[in-house]
Amino acid sequence: MRQHDDLFLDVLSGSFTRQVWVNVYHGSDRVAEDLRLEGWSLEWDLGAKVTASGSGTIVYESVAGESLVPVGTKGILSPFRARLELVMEISAGDFVRRVSLGLFRVTKVPEARDYTAHVNGKSVVVASRVAVSFLSLEEDVRRRGLRSDENPPSLASCYNEIRRLTGMPVEETVADASIPASTTWEAKQDGRLDAVKTLGEALGGTALVNSAGAWTIVPDEVGDVDGTLQLGEQGTVLDVGAEIDTDDVYNVVVGQFEDENRNPIYAVAVAPEGDLDPDGLYGENTRYYSSDFVKTKAQAESAVQSILDLSLGSRQYDVQIQCHVNPLVELGDVLELAGYSSPLVGQLRKVSMSDSPYMNVTLRVSRDL
Amino acid sequence: MQITQYEKNPSGVSGYTSRVNRTANATVSISSFTAAGWPVDGTTSHAMTASGTGIARVGTVNTDRPAAAPGDRWSLWVRVMCPQAWTVGVRIVFYDTYGATTGTELKATAASASFAAGQVQTLRIDGTVAPAGTASVEWQITRTSGSAGDVYYDAVSFTKTDAAVPFRSGAFAVWDGTENASTQTYWIPTFTLTPRPANEPPYVEVALDDLPPVVDRVTVYRTAGGREHEMRGAINASVAGALSRIDWECPFNMAATYRAEMFDSDGVSLGFTPAASITVVSADSWMHNPLDPQGAVRVRLLEGTAETLERKVPVTFSRPIGRRVAVALAEPRQGLTGLAVNVYAPDVATADRVQAMLGDYTTTTVPVVCIRVGAREGAMRIPRPLFLGVASIVEKDVGVRKGLGITRQEMVGDESAPPVPGLIVPLLTRDDIDAYYATRDDIDAAYLRRIDLDRDYSLAGYANA
């Protein structure tokens, strides 16, 4: 979760007032601050290559006849230079806190318009409306390709390699690891971002840019609980999706392979005794599998067994929750749904916010089968 | 206001050693002596070294004495650090001559204090009056008795003011010449507010003077009735020592307070100027488009105006699972919405001017009108000034058909921000000045400073006369 204190959590669990502001940066210069954003939406997805995307319309009242509409490559909101920082202000009486939702790169201005009036016989811009689409800063790395295939200059540290590849700050959240030998970064579309994502996997997680604009690793392993989504008298949760899908829970895997001489090899793996036993109440759910790499009986046995394990091991499912807006939650947070019929702890995979007072989050929850 | 600070000897650092030794019992030097809270400013202070046990006294070099005239009031403020338990005093002394010779001492005013060993105290003299025949003035430090040794003093503020002015350093204290070897000018920005209640419409001339050289831009704020507005034309306005603007939006019959935030060339705030207040008295209400203040009309507000005042809060009452009462998820409260204003227009010309506020077939404007309520309708509880965004002004015939020309102008709108608040809508134009003066030399002869020309509003409208 983003930085906060207990009082902030208290305020977020009750009634409060919220506002969203936008600051515009060109490089390290803040060229405009506290602009208003209308009809905005913002979505984070841990599974996406570029984890956050959003859009909105900046409405600007001109102070001295200036315009915010980008012209060519120039202009404060030009997608050729502008970075946006979205800030959410939460207030309740004297309590006021501002939370940065993150830094974003403007990628598109789908629509822009100036409003003019006559002053002293001259036409003057009185207001601008600029619609913007923006992506999180992974986009900077995605666009910047590798010019030729590269080997990491040193295999000692994944973090150092992320620093080298991105030129961006890195916050070390999990233990560093060495890079697998004979690693080559390919010069292909999105090659640099893929390289960083690969390093994230080597570190046991997902690499992403956090709200401070630094690369960080969200570990796959669900760790300690970071925060709570409350139901009940102090609750903020409006809806919890309770969906169970058994489509991909297979308890029998049938493998059909061929050896070097094209003789058929047949292998079956069956779930052990228990709730998923094909003789039990669940019944049989069969999956068929084949692969060109399997050439012996032993390989076939191990292949079907691993497919079965994967299927039975898919003990993770997503729970969608609608709740009051909470600017503190971040991708990868381990959240507890407290006061629910059964205890639920999961990792935050998706968040979407907009100018509505509600937000939707998706938690990935583990279940025991 | 500009205050001269004689913080250091104007002759320069080397001048200290040649300061006039009034009793042949002390010398002056620059010392790097340090103690708790000492020196006051910078890394060095002045040291007066008494060479014997009697009275030790140092003063200003003759040629550094400021000129003074009879009747001037002079004040002194100085921080003194005395390492030993002595009595130390300060004096202001007036002389008849000014310059190379010592001259005759006409009057001396003294103040002194007993010091504990190592104590730091402020010694001050407030507004002593120069006697007849005064031509120059100096300040002195004295030690009445004690052994040979040092007395330190620093942060000297010697000013021609009624009361002693504490020494101030920082960006607003500017050396008049070489650093540490000249006088300092301390700049205090000053507002001069001139109400013009008789003008149609009434306005305030706002002049901001004595801005320190470091100030590059200013933003002027007007506070009235508990609300603060940025003043039109003075938002991040570029200045060179002074600013002159007309405020057409100052509300009537209430104290309006002006102050300005100053910024240097990097856009860093240098703080606010002292504030100044004014009240513009007007019995009538006036209405204008902020982008065309000269198109203002005197209006009478009819019944139906501001009968309901509504300020909404955009809020969602949410009922999370398990809660018995709703949670209010709000956004900030909005200004007035759906405010009705009905205006009486006694003749067709007034009706035309009211209608022109929203533009016509050839000009485009922003449909925001500024309404300033006069004393006659002063009881109304609407914001002052009120900026009302109106989509249309409906004209209703009261007496036009009968040839009386009377109409009723009805509008309903939401409180809106004034458009392009940084834009100056000039009263005095270049054309006015060109029309009034035949040559450039005439202009130069008429005004001492550029800003004087800029604020000579007596010429306004001359080009069209």
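Reader: Where in chain A is A:Val225 placed?

Author: A strand here is a DSSP run of E with at least two residues, a helix is a run of H or I with at least four residues, and both are numbered from the N terminus. A:Val225 is placed in the loop between strand 9 (215-219) and strand 10 (227-230) of chain A. This is a predicted model, in which local features need pLDDT of at least 70 and side-chain atom pairs count only at pLDDT 80 or more, while totals for chains, interfaces and linings use all residues. Residues are numbered from 1 along each chain as its sequence is written, chains are lettered from A and ligands numbered from 1 in the order in which they are written, and side-chain values use heavy atoms, with hydrogens and water left out.

Reader: Is A:Val225 buried or exposed, or does it fall in between?

Author: Buried means under 20% relative accessible area, exposed means over 50%, and partly exposed is in between, with a 1.4 Å probe and protein chains only. A:Val225 has a relative accessible area of 40%, so it is partly exposed.

Reader: Which residues form a nonpolar patch with A:Val225?

Author: Patches are made of residues with over 30% relative accessible area and no salt bridge, where nonpolar side chains (Val, Leu, Ile, Met, Phe, Trp, Tyr) are joined within 5 Å and like charges within 9 Å. The accessible areas come from the Shrake-Rupley method with a 1.4 Å probe, and for residues only the protein chains shown count as cover. In this case A:Val222 and A:Val345 form the surface patch together with A:Val225, with about 190 Å² of accessible area together.

Reader: Which residues gather in a patch of negative charge on chain B?

Author: Asp and Glu count as negative and Lys and Arg as positive, whereas His and the chain ends are not counted; the place of a charge is taken as CG of Asp, CD of Glu, NZ of Lys or CZ of Arg. The negative patch on the surface gathers B:Asp347, B:Asp352, B:Glu395 and B:Asp397. Of these, B:Glu395 lies in strand 30 (residues 386-397) of chain B, and B:Glu395 counts as partly exposed because its relative accessibility is 42%.

Reader: What does A:Ile76 touch, leaving aside residues up to four places away in sequence?

Author: Contact means heavy atoms within 4.5 Å. A:Ile76, found in the loop between strand 3 (52-61) and strand 4 (82-92) of chain A, touches A:Val24, A:His26, A:Val31, A:Ala32, A:Leu68 and A:Ala82 when those sequence neighbours are not counted. At 29% relative accessibility, A:Ile76 counts as partly exposed.

Reader: How should I read a salt bridge, and which side chain meets A:Glu161 in one?

Author: Side chains of opposite charge can pair when their charged atoms come close. A salt bridge is a side-chain nitrogen of Lys or Arg within 4 Å of a carboxyl oxygen of Asp or Glu, and by this rule the count over all chains is 39. The side chain of A:Glu161 meets that of A:Arg164 at 2.8 Å, N to O, and both residues lie in helix 3 (residues 158-166) of chain A, three residues apart, about one turn of the helix. A:Glu161 counts as buried because its relative accessibility is 2%, whereas A:Arg164, with a relative accessible area of 35%, is partly exposed.

Reader: Which side chain pairs with B:Glu303 in a salt bridge?

Author: B:Glu303 meets B:Arg408 at 2.9 Å, N to O. This pair links distant parts of the chain, 105 residues apart, with B:Glu303 in the loop between strand 23 (292-301) and strand 24 (310-311) of chain B and B:Arg408 in strand 31 (residues 407-415) of chain B. B:Glu303 counts as exposed at 54% relative accessibility, while B:Arg408 counts as buried at 18%.
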